Amino acid sequence: MEETDVVILGAGAAGMMCAVEAARRGRRVVVLDHARRPGEKIRISGGGRCNFTNRAAPPERFLSRNPRFAISALSRFTPADFIARVDAAGIAWHEKTLGQLFCDGSARQIVDMLVSQLVEAGASLRLSTAIHAVRHDGRFILATTAGEIAAARLVLATGGRSIPKMGATGLAYEIARQFGLAVTETRPALVPLTFAGAELKSLAALAGVAVPAARVSLGRTAFDEAVLFTHRGLSGPAILQISSYWREGQAITVDLARGQDVAATLGQLRAREGRIEMQTALARLIPARLAAAVAAATGTAGQRLADQPNRVLAAVGAAVNRRALRPVGTEGYRTAEVTLGGVDTDELDARTMAARRVPGLHVIGEAVDVTGWLGGYNFQWAWSSGWAAGQAV
Ligand code: FDA
């Protein structure tokens, strides 16, 4: 049977970062993955340009049962540390909105950087290798399609359940459970929301309309980003963000003209240009198709502003600024960017990502119950947690 120091399951963002660090420390490292290529989610991320980190990654941008858990790893390997590696590899990048950093060119550059660092450091990357079983007799012994391999340290880095078509599985959760670790409830996150009945009908009629300046809120949580109407309901960054907080049965509030008091603006327009029709007035504030739909829904289509009492302007304003909507579900793991929940952080040491009760077992990346907002935070968690485990295995 082959023997090594460290086996890492999963050649994604976290697994490759961990492999680079552990191999640089002189550990014999083998990375196993069932996929034919490493880092497939990196390759498709950020629309092919990989939003590889965010300028700042404070703990408030992460969801977890223990919101303090991520602080240690995030402060030891920071966005600046990852940017320094990207710069050293000669990868050009730019900042989009909200501190989000993207490659100027292809996301493949990030994959290539990690693979070449991994190979240079002396780690062995083995693809197209399925894991059949794991047992423990003081060491971890893995039965794989390429035979058995034993190691004192086993790192679970197989990510979450999102996009099963790309090979996502619940393997990390299964192995964690096999060794007695608790796994919190998992659910799709950063995912479009779906609707039914009359709400679906009104939203789907606007499929393709984008509202750049929107605000979506749920209780005290609010996101100021774009909203997109789809055939199934709503998508766009603000919706993906709120989806991580939304639970079945809750209503969200959507403001489709963030920063503008629509009723007040309509009142001013009525005084100045009372002859224009409602949808024409609204189209100065929101996309024309949406303006027409709001006018129709409030019974004001084709009517002149001058004829509208304050009560009607208030109702039209509310339909734009405070629209309450009740999603019935999400588009699920098929399109979710991440999985919320995972291996319970109570089971892990925040500094080393080691399982407290199972010596030698570590869990990193999306498999852990730490989920970032949209905007480069999930990769930063993968880099930081992978780096932290890489110093310890
Ligand atoms: P990751 O999923 O990267 O890697 C897991 C690896 O384990 C894979 O290589 C997989 O093949 C392997 N594996 C799984 N099951 C296995 C099994 N049973 N046996 C063997 N191997 C197995 N985040 C961000 O910060 N910025 C962004 O721009 C984006 N964009 C984005 C777009 C899309 C479409 C998605 C789906 C996701 C994003 N994300 C993102 C999220 C980000 O991709 C994700 O959080 C990280 O890739 C997680 O890194 P991990 O290494 O934990 O898992």
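Just after helix 2, C50 takes a positive phi of about 55°; helices here are DSSP runs of H or I with at least four residues, strands are runs of E with at least two, and both are numbered from the N terminus. This is a predicted model, so local features need pLDDT of at least 70 and side-chain atom pairs count only at pLDDT 80 or more, while totals for chains, interfaces and linings use all residues. Residues are numbered from 1 along each chain as its sequence is written, and side-chain values use heavy atoms, with hydrogens and water left out. The protein chain has 13 helices and 23 strands, and its C-alpha trace spans about 85 × 40 × 35 Å along the principal axes.

**Overall picture**

- Of the 393 residues in the protein chain, 53% are buried (under 20% relative accessible area; exposed is over 50%, partly exposed is in between, using a 1.4 Å probe and protein chains only).
- Take the contacts (heavy atoms within 4.5 Å) with a separation of 6 or more: 72% of them are between residues 24 or more positions apart.

- On the domain 1 side, R187, W373 and L374 supply 62% of the area buried against domain 2, more than any other three residues.
- One salt bridge crosses the interface of domain 1 and domain 2 (a side-chain nitrogen of Lys or Arg within 4 Å of a carboxyl oxygen of Asp or Glu).
- R187 also pairs with E248 in a salt bridge, at 3.1 Å from N to O.
- Four residue pairs are in polar contact between domain 1 and domain 2, both residues at pLDDT 80 or more. A polar contact is a pair of N or O atoms within 3.5 Å; within protein, one must be able to donate a hydrogen and the other to accept it, and residues adjacent in sequence count only if both atoms are side-chain atoms.

- Most residues other than glycine have a negative phi.
- C50 is not a glycine, yet its phi is positive; it lies in the loop between helix 2 (40-48) and strand 3 (51-54), and counts as buried because its relative accessibility is 0%.
- L98 also has a positive phi of about 55° without being a glycine. It is found in the loop between strand 5 (93-95) and strand 6 (100-103), and with a relative accessible area of 52% L98 is exposed.
- Back in helix 2, E40, I42 and S45 are buried, and what covers the buried residues of helix 2 includes helix 1 (13-24), strand 3, helix 5 (108-121) and helix 13 (377-390).

- T371 lies in strand 23 (residues 371-372) and is buried, at 0% relative accessible area.
- Q308 sits in the loop between helix 11 (288-297) and helix 12 (310-321) and is buried, with a relative accessible area of 5%.
- A polar atom of the Q308 side chain lies 3.1 Å from the backbone oxygen of R304.
- Leaving aside neighbours within four places in sequence, Q308 is in contact with R270, M278, T300, Q303 and L313.

**Salt bridges**

- The rule gives a count of 20 salt bridges.
- E148 and R135 meet at 3.0 Å, N to O; E148 lies in strand 10 (residues 147-156) and R135 in strand 8 (residues 131-136), so the pair ties together parts 13 residues apart in sequence.
- E148 is partly exposed at 33% relative accessibility, and R135 is partly exposed at 42%.
- R357 pairs with E347, the closest N and O atoms being 2.8 Å apart; R357 is exposed at 56%, whereas E347 is buried at 9%.

Notes. Buried area is the accessible area (1.4 Å probe) that two parts lose on being put together, summed over both.
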